[in-house]
Amino acid sequence: MDAMTLLHERSSMGKLMGPPPDAEQLEAMYQAALRAPDHKELRPWRFIEFSGEGLDRLGELFAEAEFREDPHAGDAVLEAARKKPKRAPMIIAVIAKVTPDDPKVPRVEQVISAGCAAHGILLAAHAQGLGAMWRTGKYAFDPTVRKGLGLAEDDELVAFLYLGQLGGRHRPLPQHDVADFVERWD
Ligand SMILES: Cc1cc2nc3c(=O)[nH]c(=O)nc-3n(C[C@H](O)[C@H](O)[C@H](O)COP(=O)(O)O)c2cc1C
């Protein structure tokens with residue numbers, strides 16, 4: 001796939017099946033992430049890869065988050081939380097590892113950089129014929145989940161990237177008119 005086709009046609013895939021990406025595919029995805037624009041080369045990111053029992057452990061964290069939010073949450077709610085990570089054979093959590101108070105690189109720039117790294121992973125997944133979907137949802141901002149994944153106070157969980165083999169067809173690509181979004185100062 002040539003680069004412009006990839007940039008114009010990447011799309012998300014919510015239906016994902018096993019097997020998870022293999023080691024070579026993952027290496028290519030992380031290398032793409034590590035080419036994200038990065039002011040002062042702070043490398044403001046950290047990745048956690050979940051597969052197999054790791055997905056169960058993540059699901060357990062989600063259930064703990066539900067329980068902390070509502071100690072009366074019923075079994076159905078806790079079970080639904082436990083199952084969320086099972087929507088893919090692999091999840092990569094992308095964490096913005098923020099250096100606070102950098103005089104030149106404010107927090108927002110570091111979080112954007114980590115977001116670009118996440119996009120790099122999505123693009124490299126698509127280029128390799130894999131399916132991928134960027135999700136956050138309330139668990140990405142939940143204190144129990146943040147603590148369980150070892151986030152420092154200034155860090156941000158920017159993405160849970162769900163990854164796997166395509167389990168369905170991509171949605172038709174939306175048509176956008178560039179003029180709706182671009183103002184030109186000639
Ligand atoms: C920061 C961020 C968080 C997102 N979180 C979710 C989410 O929790 N659930 C969801 O269904 N889509 C979420 N999305 C949107 C999807 O990943 C996807 O981009 C959207 O469905 C449009 O599909 P497309 O990527 O094929 O254009 C999120 C996107 C971003 C950038």
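A term to begin with: buried means under 20% relative accessible area, exposed means over 50%, and partly exposed lies in between, with a 1.4 Å probe and protein chains only. On that scale Tyr-139 is buried, at a relative accessible area of 9%.

Some notes on the source. This is a predicted model, in which local features need pLDDT of at least 70 and side-chain atom pairs count only at pLDDT 80 or more, while totals for chains, interfaces and linings use all residues. Residues are numbered from 1 along each chain as its sequence is written, and side-chain values use heavy atoms, with hydrogens and water left out.

Now the cores. A nonpolar core here is a set of buried Ala, Val, Leu, Ile, Met, Phe, Trp, Tyr and Cys residues joined through side-chain atoms within 4.5 Å. The largest one has 25 residues, and the members touching the most others are Met-29, Ile-92, Val-94, Ile-121, Val-158, Leu-161 and Leu-163. Two or more residues each come from helix H2 (23–33), strand E3 (90–96), helix H5 (107–127) and strand E5 (156–166). Helices (H or I, at least four residues) and strands (E, at least two) are DSSP runs, numbered from the N terminus. Which element gives the most to this core? H5 does, with 8 residues.

A second, separate core has 23 residues, among them Ala-93, Ala-140, Leu-149 and Phe-160.

Back to Leu-161. Contact means heavy atoms within 4.5 Å. Beyond four places in sequence, Leu-161 has contacts that include Ile-92, Val-94, Ile-121 and Trp-134.

Next, the rings. Rings of Phe, Tyr and Trp (its six-membered ring) pair if their centres lie within 6.5 Å; planes under 30 degrees apart are stacked, over 60 edge-to-face, and the rest tilted. The whole structure has 3 aromatic pairs. Phe-62 and Tyr-139 are stacked, because their centres are 4.3 Å apart and their planes are at 15°. Phe-62 lies in helix H3 (residues 53–69) and Tyr-139 in the loop between strand E4 (131–135) and helix H6 (143–148), 77 residues apart. Phe-62 is buried, at 1% relative accessible area.

Phe-62 also pairs with Phe-160, edge-to-face, at 5.6 Å centre to centre and 70° between the planes. Phe-160 is in strand E5, 98 residues from Phe-62. Phe-160 is buried too, at 1% relative accessibility.
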